[in-house]
Amino acid sequence: MSNPLPITIQPATYADIPALAQISGDSFEEDRHTQMKGQRKKPYNMYEKAPGEIRSYMSSEKCVVLKAVDETTGAALGWSCWGFRGFEAAEIPRLDPGQKKEKDVSLPFFKDEIAAKPEGEGKGEEEEEEQEEDEEDIVKKLEAMTDADMKHWMETLMPPGTKCMFVVSLSVAPAFQARGVGSALLKWGTDTADNFGVFIWAHSSESAWTAYARHGFEIVGTLDVNLDVWAPKPPPKEEGPGAIWGHYVFRYTKRLPKSKE
């Protein structure tokens, strides 16, 4: 780590969403999996997708969304979302308990949290058209495969009755990576988990897993994806002749709590 920054961990607010979404988009600009998904008919755009996801996280009673703030400039340099499985809402630590949450925006993470639909409620015409279009989109099929794999691991590691924490999202602005921002965000989570005596689960991207490893996370499973099998197009011409998307490995990691001394 070079030139660590003076960082304060603060609760994120709804007003922070545009800045946090920008950080998410910027941090995945060089991610090979994200780049490949950008070649589809309807390109994947994290800048457009992130604001809605962050709003959903901030509206959930089972999530804590934090930002890492530069004490000198006051700018947000990174953010994280921590999920709490098996916790009562009153147990979950809130840095700003007075901040009101929006209602009917958050999405459940687990099958046992999903309310049953009323009988007779089905898909609308738009949803059916979207599904038909998705069947022709190879990247959508890849997303379905990776989503199913992640859900399998979530349900395996965190079945009903489990009490634990999990990393929903963690992003650091590229210009401030390797300067202690991600470590400060992770430390809040690991300290909290240790206080509760619970494990943490994280689904790591190709580039982030070494950071998790430094904080005590161990790999419990992997998904190795040959991106060229799923790519709708070859890499951009500027990458040169013979360029390939390559393999991308998702890592499922787990950190056991450390005993208090």
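Me: Is alanine 178 buried or exposed in this model?
Reply: Happy to start there, keeping in mind that the model is predicted. Alanine 178 sits in the loop between strand E4 (164–172) and helix H6 (181–196). Its relative accessibility is 57%, and the cut-off for exposed is over 50%. Alanine 178 therefore counts as exposed.

Me: What phi does alanine 178 have?
Reply: Most residues other than glycine have a negative phi. Alanine 178 is not a glycine, yet its phi is positive, at about 65°.

Me: Is leucine 5 buried or exposed?
Reply: Leucine 5 is placed in the segment before strand E1 (7–11). Leaving out residues up to four places away in sequence, leucine 5 touches Asp70, Leu77, Phe176, Arg179 and Val181. Its relative accessible area is 17%, and buried means under 20%, so leucine 5 is buried.

Me: What distance separates the C-alpha atoms of leucine 5 and arginine 179?
Reply: Good one to look up in the structure. Arg179 is among the residues that leucine 5 touches. Along the chain the two are 174 residues apart, but their C-alpha atoms are separated by 6.1 Å.

Me: How many residues of strand E3 (residues 76–85) are buried?
Reply: Let's look at the strands paired with E3. E2 and E3 pair in the antiparallel sense over seven bridges, while eight bridges join E3 to E4, also antiparallel. E3 is largely enclosed by the rest of the structure, because the buried residues among its 10 number nine.

Me: Which residue is the bridge partner of tryptophan 82 in E4?
Reply: E3 and E4 run antiparallel. For tryptophan 82, the bridge partner in E4 is valine 167.

Me: Which residue takes a positive phi in the hairpin of E2 and E3?
Reply: This hairpin has five residues between its strands. A positive phi near 80° is found there at glycine 74.

Me: Which strand gives the largest share of the lining of the second largest pocket?
Reply: The second largest pocket has a volume of about 260 Å³. Its lining has 16 residues, with Cys63, Arg94, Asp96, Gln99 and Lys101 nearest its centre. By class, 10 are nonpolar, one is polar and five are charged. The largest share, three residues, comes from strand E2 (residues 63–70).

Me: How much of the chain counts as buried?
Reply: The chain has eight helices and seven strands. Of its 261 residues, the share counted as buried is 39%.

How values were computed: Residues numbered from 1 in each chain as written. Predicted model: local features only at pLDDT ≥ 70, side-chain atom pairs only at ≥ 80, totals over all residues. Heavy atoms only, no water. Helix = DSSP H or I, 4+ residues; strand = E, 2+ residues; numbered from the N terminus. Buried < 20%, exposed > 50% of the residue type's maximum accessible area, 1.4 Å probe, protein only. 1 Å grid on protein atoms, 1.4 Å probe; cavity = no way out; pocket = protein on both sides within 12 Å on 5 of 7 lines; lining within 4 Å. Points joined across faces, edges and corners; volume = space filled by probe spheres on them. Nonpolar A, V, L, I, M, F, W, Y, C, P; charged D, E, K, R; others polar. Contact = heavy atoms within 4.5 Å. Pairing = 2+ DSSP bridges.
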